[in-house]
Each structure stands twice: as C-alpha cells, then as structure tokens.
Amino acid sequence: MPEATPLSTHRPTPRAADPSTPRLPAPGTATAASHPLDDPVRASLTGPHARFAQRRGRVMRYHPEVTPWLALPDAPEARDWADVAALAGVGASVTVTAFREPPPAGWEIVFHAEGVQLVDDTVDVAPDPEAVLLGPADVPEMLDLVGRTRPGPFLPRTVELGTYLGIRRAGVLVAMAGERLHPPGATEISGVCTDQSVRGQGLATRLVRAVAHGIRERGEVPFLHAAASNTSAVRLYESLGFTLRRTTSFLTTIVPADAPAGAAPPTDVRTREQGTGSLEHVGR
C-alpha cells in the first residue's frame, strides 16, 4: 500500500550525478515495457524474493504472513481470478499493484488508490549513527509503532524482506524504515514511520537516506511508492532526490464466497524451483 509519511523539508545540496550510481531506464525507452519495476511484485517473487513466493496457475503472491501483495497476469482471465480465490481463500483480502483491469463482479473493492513510483536520482544517501538494525526480536515493537502511525501493511514476518533500521529514544522505538519489494537490481523503501512525539525532527528523512545507502552499497537502485493524492509527501520525496518513474494503481479486494475454484494445484515456488527449504529464512 502506498506510504504517507511525514518527512523533513530539508533539501539536500545538489550534487553532480555519479556515473557509478545505478540507473534504471525511464518509461518509454526500448527496455521499459519489460522492466522489473513495471510489475515489481512479480519481478520480486520470480527473483530475489522467490523463497517467499506461493503460486497457483499464473497467479503469485507472498506468503500471507510476510506481506499481502499478489501478482496477476497483465490481462487476467476468469481462470486467473479463480486461482486467486483458491490461493487466498474465501473472505481473504487480496492486494495488487500495477493492475489494468477491475476484479470480476461480486469481488468487493475495499481500497483503491492511484499511486506514483519514484526512483533514486540524486538522493543524498548516508548511514545514520543513531540507527539500529531491527530484526525478528524487535517485531512486537515494530508492530506497535506501525499500529500508532499506520504507514502501510506490516505483518509479523515483513521484517524478513530486507534490512530494517530504527531509532530509539529512552529505549522506545520511535521511528523506522526498511526494505520491502526486491525486483532484480532495485529495492523498495517502505515501512517509513515516525511516532507523533518526535515528528518534525527529521528522523524519517535520516532513515530513508540510511536505508537507501545500504541499497546503493549493494549496487541496486532505491525506489518507493506513494499515493498520488498525497502531493506533500511526493514533493518531499522529490526534495530528497527521488524522481517520478511512472504512475500506478493499488487495489485491495475481497474474495467472495461464490468465487469458483481454479483447477491448477497450489505450488510453493521455492520447493518447485529451488529445492527444499524453509520459508522461515530470515533476511538476505
């Protein structure tokens, strides 16, 4: 789901483009039509995040305890929606991005928003001396902070998707940011949130730059999503050096009780494509 995070209004000093900084092709170039960021969920699940993937027919999704994102084919057919129903189960919510067609009749839409995808252009990245690495032991604190600030979906195993950094004050976690989708060559910054008690101190900005620094250190491109209607957040992200790459859409729908079941059996992608292994693998 798009983030709506208050950030510092500080604009970094412009710097010359570094030729060693990773770059992604812009929309409209010869390679953009099949670029991983055009469908970052599918690109992640068939790439670096394959260990989290579950598949049924042409439909793929993350393990439901990790994140709610699901990938549909570009032009989903009735059998694809049937596979969504069988994979997720009656009454389950299904969240997709970059979709082009509405769900079938009877599928209740509970969330819909137009969004933007922003990529690192000249972000002034830097590690943060106050930031601490967060892991599975910190999940209760992270869930508590998310519950107070509501930055977007964050589940008990979301921390496994990548690096999460936090800042504590008086021992209490008051700000965090981390990594979510991971298509080849890029990593999404997500889970950016700051407790009301410390807003206006630039903590979210510092953490975004610190997370982006780690992504850049791996030779990858930081990117993020935001609601198009949240123009103040978009302007602030742009002030940090992120540039609009494309528009997109976010939709959450509910699997109806009368949805037909798909014929294809469910498949654990890791078991099928990468040999046996536990979905409990943490981090990278």
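**Notes on the fold and its contacts**

1. Let me begin with a loop residue. Leaving aside neighbours within four places in sequence, Pro-156 is in contact with Glu-65, Val-139 and Leu-143, where contact means heavy atoms within 4.5 Å. Pro-156 is found in the loop between α3 and β7. Its C-alpha lies 9.0 Å from that of Met-142, and the two residues are 14 apart in sequence.

2. A word on the ground rules. This is a predicted model, in which local features need pLDDT of at least 70 and side-chain atom pairs count only at pLDDT 80 or more, while totals for chains, interfaces and linings use all residues. Residues are numbered from 1 along each chain as its sequence is written, and side-chain values use heavy atoms, with hydrogens and water left out.

3. Now the overall picture. The protein chain has six helices and twelve strands; helices (H or I, at least four residues) and strands (E, at least two) are DSSP runs, numbered from the N terminus. Of its 284 residues, 53% count as buried, meaning under 20% relative accessible area, with exposed over 50% and partly exposed in between (1.4 Å probe, protein chains only). Among contacts between residues at least 6 apart in sequence, 76% join residues at least 24 apart.

4. Next, the aromatic rings. Rings of Phe, Tyr and Trp (its six-membered ring) pair if their centres lie within 6.5 Å; planes under 30 degrees apart count as stacked, over 60 as edge-to-face and the rest as tilted. By this rule there are five aromatic pairs. One of them joins Trp-81 and Trp-107 edge-to-face, at 5.0 Å centre to centre and 65 degrees between the planes. This pair links distant parts of the chain, with Trp-81 in helix α2 (residues 78–88) and Trp-107 in the loop between β4 (93–97) and β5 (108–120), 26 residues apart. Trp-81 is buried at a relative accessible area of 7%, and Trp-107 is buried at 9%.

5. Another edge-to-face pair is Phe-154 with Tyr-164, at 5.6 Å centre to centre and 80 degrees between the planes. Phe-154 lies in the loop between α3 (139–149) and β7 (164–169) and Tyr-164 in strand β7, so the pair ties together parts that are ten residues apart in sequence. Phe-154 counts as buried at 8% relative accessibility, as does Tyr-164 at 1%.

6. Back to helix α2. Its buried residues are Asp-80, Trp-81, Ala-82, Asp-83, Val-84, Ala-85 and Leu-87. They pack against β1 (53–56), β2 (59–62), β3 (69–71), β4 and β11 (242–254). Just after α2, Gly-89 takes a positive phi of about 100 degrees.

7. What does Thr-149 touch, leaving aside its neighbours within four places in sequence? The answer is Cys-193, Thr-194, Asp-195 and Arg-199. Thr-149 sits in helix α3 and is buried, with a relative accessible area of 14%. Its side chain also reaches the backbone oxygen of Leu-145 at 2.8 Å.

8. Finally, the lining of the largest pocket. A pocket here is an open set of points on a 1 Å grid over the protein atoms alone, where a 1.4 Å probe fits, with protein on both sides within 12 Å along at least five of seven lines; lining residues have an atom within 4 Å of a point. The largest pocket is lined by 16 residues, and Asp-39, Leu-72, Asp-74, Ala-98 and Arg-100 lie nearest its centre.

Definitions and conventions:
Polar contact = N/O pair within 3.5 Å; in protein donor to acceptor, adjacent residues only side chain to side chain.
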